[in-house]
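Colleague: I'm new to this one, so could you walk me through the aromatic rings and then the surface?

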Amino acid sequence: MWGFNGTPFQPATLQLTGIPGMQTGQAWVSLIFCILYLISIVGNLSILALVAREPALHQPMYYFLSMLSLNDLGVSFSTLPTVLATFCFNYRHIGFDACLVQMFFIHTFSFMESGILLAMSFDRFVAICDPLHYSTVLTNGRILAMGLGILAKSFITLLPFPFLVKRLPFCKGNTLHHSYCLHPDLMKVACGDIHVNNIYGLFVVIFTYGIDSTFILLSYALILKAVLAIASREQRFKALNTCMSHICAVLAFYVPTIAVSMIHRFWKSAPPVVHVMMSNVYLFVPPMLNPIIYSVKTKEIRRGILKIFQKSHN
């Protein structure tokens, strides 16, 4: 794609894509996305309202859960405008600068999710390995500082991306492979030297996902060691059960993330639909699953939901 002066340029708008090869059945896809958004937004807002209303949930574990719910709402609202425009209204254009803003927020919230899951694993580590000091270690001030630290780390780490993309010319067309903007997708239509983008992208992935996942595994190794030292089988099961919701949330986030990375790295000849579906799983499944996981697996959350239902019936 060339400008009037014969040099590559940046397009005013980019073209978004739905699901490759799916000309029919678009209405069903729209309905599925609407249901996913509805579950995600209602579920996460319900968790936030429940933690705010119930004094019994004013504990570190639920403050971290509120952070996760806020972040999941951020992920959902980052993709919602273009996904609904693409699938519900067949409007597939996005301004170049708007695309960069969306890319920044999608990646920032995704990387923040990893940091929040690490903070939650630290919460479980302190609760099981050092229960007597739990309330003195995880004070409200420290929890707030951890939350702000996660936000600052993700924001500062991701901030260069829009500027690194902005400096590139785009001469391989203006059609993206998703219904939202992602950095790897923009790199496919950019020309010029993209080595800096790719190297910095790899650094960011290692610096966030790599370090976070390593410390999550380390915290669970120490938790398992502490649990196995408990004499009573019943107490061992009870201690492990308090971690089940978090383990499910970690798997819901990291399994699609690893799968997307593996496909991008080692299965470059995969049909476009595989890349698109895996990216959709990576962005849509964790925000939808997290409120369900915590509602089903956490007794205090279930109790709070039942209490609200009982009040509404009285």
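Colleague: Which residues form one aromatic cluster here?
Modeller: Phe33, Tyr37, Phe87, Tyr180 and Phe284 form it, where rings of Phe, Tyr and Trp (its six-membered ring) pair if their centres lie within 6.5 Å. This is a predicted model, in which local features need pLDDT of at least 70 and side-chain atom pairs count only at pLDDT 80 or more, while totals for chains, interfaces and linings use all residues. Residues are numbered from 1 along each chain as its sequence is written, and side-chain values use heavy atoms, with hydrogens and water left out.

Colleague: And how many aromatic pairs does the whole structure have?
Modeller: The search finds 16 aromatic pairs. One of them joins Phe33 and Phe87, a tilted pair with 4.8 Å centre to centre and 35° between the planes; planes under 30 degrees apart count as stacked, over 60 as edge-to-face and the rest as tilted.

Colleague: Which parts does that pair tie together?
Modeller: Phe33 lies in helix α1 and Phe87 in helix α2 (residues 60-88), so the pair links parts 54 residues apart in sequence. Helices here are DSSP runs (H or I, at least four residues), numbered from the N terminus.

Colleague: Are Phe33 and Phe87 buried or exposed?
Modeller: Both are buried, on a scale where buried means under 20% relative accessible area, exposed over 50% and partly exposed in between (1.4 Å probe, protein chains only).

Colleague: What about Phe203 and Phe207?
Modeller: Those two form a stacked pair, 5.5 Å centre to centre with 10° between the planes, and both lie in helix α8 (residues 195-228), four residues apart, about one turn of the helix. Phe203 is partly exposed at 44% relative accessibility, and Phe207 is also partly exposed, at 32%.

Colleague: Switching to the surface, which residues make the nonpolar patch?
Modeller: Trp28, Leu31, Ile35, Ile39, Ile292 and Val296 make a nonpolar surface patch of about 580 Å².

Colleague: Which element gives the most to it?
Modeller: α1 does, with four residues; Trp28 is found in this helix and is exposed, with a relative accessible area of 63%.

Colleague: Which residues gather in the patch of positive charge?
Modeller: Lys238, Lys297, Lys299, Arg302 and Arg303 gather there, and helix α12 (residues 299-313) gives the most, with three residues. Arg303 is found in α12 and counts as partly exposed at 49% relative accessibility.

Conventions: Patches are made of residues with over 30% relative accessible area and no salt bridge: like charges are joined within 9 Å, nonpolar side chains (Val, Leu, Ile, Met, Phe, Trp, Tyr) within 5 Å. Accessible areas come from the Shrake-Rupley method with a 1.4 Å probe; for residues, only the protein chains shown count as cover. A salt bridge is a side-chain nitrogen of Lys or Arg within 4 Å of a carboxyl oxygen of Asp or Glu. Helices (H or I, at least four residues) and strands (E, at least two) are DSSP runs, numbered from the N terminus. Lys and Arg count as positive and Asp and Glu as negative; His and the chain ends are not counted. The place of a charge is taken as NZ of Lys, CZ of Arg, CG of Asp or CD of Glu.
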